[in-house]
Amino acid sequence: MSVFFEKVYDVVKQIPPGRVTSYGAIAKYLGTTGSARMVGWAMNAAGSHSEFVPAHRVVNRNGLLTGKHHFDTPNAMKELLEAEGFIFEDDQIINFKERFWDPGKELE
């Protein structure tokens, strides 16, 4: 497991239930602005991590469930978020901005 992936997982584990963040916000927090795609790759591999990583709480910058195909079923990501109180229109989180957790603000 790469050091970068471990840093991503450390951030993602701190996202509280009922909140979400974006790939880009994590990349920016880690000082690697522009590496949102690498954060996505880390989320794709999160299932093989030795500890639980709430990868379902990481979405794209518009609140879309772009990573949903990397879960056990196509609806698993949405179902996990619905259990935390999220509401969707198609695969986009309603009131995304109000539920957004910015690691740059929350972890400083």
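**Start at a histidine**

Select His 49 and Glu 51: a polar atom of the His 49 side chain sits 3.0 Å from the backbone nitrogen of Glu 51. Before going on, note that this is a predicted model, where local features need pLDDT of at least 70, side-chain atom pairs count only at pLDDT 80 or more, and totals for chains, interfaces and linings use all residues. Residues are numbered from 1 along each chain as its sequence is written, and side-chain values use heavy atoms, with hydrogens and water left out.

His 49 belongs to the loop between α3 and β2 (helices are DSSP runs of H or I, at least four residues, and strands of E, at least two, numbered from the N terminus). Its relative accessibility is 10%, so His 49 counts as buried (under 20% relative accessible area, with a 1.4 Å probe and protein chains only).

Next, select α1, residues 3-12. Which of its residues are buried? Phe 4, Phe 5, Val 8, Tyr 9, Val 11 and Val 12. They span an arc of only 160° around the axis, so they lie on the same side of α1 (the arc is taken from the directions from the helix axis to the C-beta atoms).

Finally, show α3 as well: among the α1 residues, Phe 4 and Tyr 9 take part in meeting a set in α3 that includes Met 38 and Trp 41 (contact means heavy atoms within 4.5 Å).

Definitions and conventions: Buried < 20%, exposed > 50% of the residue type's maximum accessible area, 1.4 Å probe, protein only. Polar contact = N/O pair within 3.5 Å; in protein donor to acceptor, adjacent residues only side chain to side chain.
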